Amino acid sequence: MATEDQIINRTASILNASGSGQTVEAEDSELIRDHIENKLDDLNTRGVIGVTAVEDIADGAINWFAICLANDLAPDYGKP
């Protein structure tokens with residue numbers, strides 16, 4: 001099952017907010033962390049997923065969820 005750190009690190013990597021193997025900056029980590037619960041609620045409400053906590057996200061869905069977060073956060077990183 002997923003951890004919040006795994007989600008944050010993968011999302012930051014997708015957004016190029018951290019280099020390969022580098023630690024995510026505190027500001028980036030906080031921005032992503034603040035968005036996780038909202039995204040889980042949104043996807044759950046729309047019936048896309050049936051989980052309400054990061055710990056319930058299967059390991060195989062970490063990348064997919066991080067991509068969803070990255071798409072929402074892209075404007076904050078100057079990306080379309």
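Here is a tour of some helices and the core they share.

A word before clicking: this is a predicted model, where local features need pLDDT of at least 70, side-chain atom pairs count only at pLDDT 80 or more, and totals for chains, interfaces and linings use all residues. Residues are numbered from 1 along each chain as its sequence is written, and side-chain values use heavy atoms, with hydrogens and water left out.

**Stop one: α1 and α3.** Select residues 4-14 for helix α1 and 62-73 for helix α3; helices here are DSSP runs (H or I, at least four residues), numbered from the N terminus. Their axes come within 8 Å and cross at roughly 55°. Axes are lines fitted to C-alpha atoms over the stretch in contact, and angles run from 0 to 180 degrees between N-to-C directions. That makes α1 oblique to α3, since angles under 35 degrees count as roughly parallel, over 145 as roughly antiparallel, 65 to 115 as roughly perpendicular and the rest as oblique.

**Stop two: α2 and α3.** α2 and α3 pack at about 110°, their axes 10 Å apart, which makes α2 roughly perpendicular to α3.

**Stop three: the core.** Which residues touch the most other members of the largest nonpolar core? Show Ile-7, Ile-36, Leu-40, Ile-57 and Phe-65, out of 22 residues. Such a core is a set of buried (under 20% relative accessible area, 1.4 Å probe, protein chains only) Ala, Val, Leu, Ile, Met, Phe, Trp, Tyr and Cys residues joined through side-chain atoms within 4.5 Å. α3 gives the most to this core, with six residues.

Technical notes. Helices (H or I, at least four residues) and strands (E, at least two) are DSSP runs, numbered from the N terminus. Buried means under 20% relative accessible area, exposed over 50%, partly exposed in between (1.4 Å probe, protein chains only).
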